Amino acid sequence: MNLSGFFFFPEKEISNIICKYKSLDYRIFELPKNIKSKDDFFNGIRKVLPLDPPLISNKSWDALDDSLWSGLDSLPENNILIIWPSVYSIKNTDTKSFMIINEIFKNLPKSLAEEKAKKDIQFNLVIIGII
């Protein structure tokens, strides 16, 4: 059963959700709080998540998407949880970037799961935005 996807939850539910995924042996990554711009987002991704190849600039969303995809694909774990705190911080200050991030995070779990399934590997990438 594939549990992959991009979901939004209120902050009051996050501690229970994290406990649930820890009990299922998910590797957990948490982006920095208060990401308010494209640059903040790129820098947060760069600090927290595996990237392959590493990102040199904050200019290309396609480069970020590809690098993040390859970085997550290279991890030995097949169950991954990414927490994105304070989702609305960027929505309120940089709506265009917020929409692009949503598209990337919506497509990434499915794309990685489909690729791993070709190798008969069950892969779950869950991305949770805290609202």
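This is a predicted model: local features need pLDDT of at least 70, side-chain atom pairs count only at pLDDT 80 or more; totals for chains, interfaces and linings use all residues.
Visitor: Why is tyrosine 88 called partly exposed?

Guide: Tyrosine 88 has a relative accessible area of 36%. Buried means under 20%, exposed means over 50%, and partly exposed is what lies in between (1.4 Å probe, protein chains only). So 36% puts tyrosine 88 in the middle class. Residues are numbered from 1 along each chain as its sequence is written, and side-chain values use heavy atoms, with hydrogens and water left out.

Visitor: What makes lysine 106 and glutamate 103 a salt bridge?

Guide: The term asks for a side-chain nitrogen of Lys or Arg within 4 Å of a carboxyl oxygen of Asp or Glu. Here the N to O distance is 3.1 Å, so the pair qualifies. Both residues sit in helix H5 (residues 95-117), 3 residues apart, about one turn of the helix. Helices here are DSSP runs of H or I with at least four residues, strands are runs of E with at least two, and both are numbered from the N terminus.

Visitor: What about lysine 110 and glutamate 114, how do you know that they meet in a salt bridge?

Guide: Their side chains come to 3.9 Å, N to O, and the cut-off is within 4 Å, so the pair counts. These two also lie in H5, 4 residues apart.

Visitor: Why is lysine 110 called exposed, and why is glutamate 114 called partly exposed?

Guide: Lysine 110 has a relative accessible area of 54%, which is over 50%, so it is exposed. Glutamate 114 has 44%, so it falls in between.

Visitor: What makes S1 and S3 partners of S4?

Guide: Two strands pair if DSSP finds at least two bridges between them. S1 (residues 5-9) has 5 bridges to S4, in the parallel sense, and S3 (residues 79-84) has 6, also parallel. Therefore both pairings meet the rule. Phenylalanine 6 stands opposite isoleucine 127, and isoleucine 80 stands opposite leucine 125.
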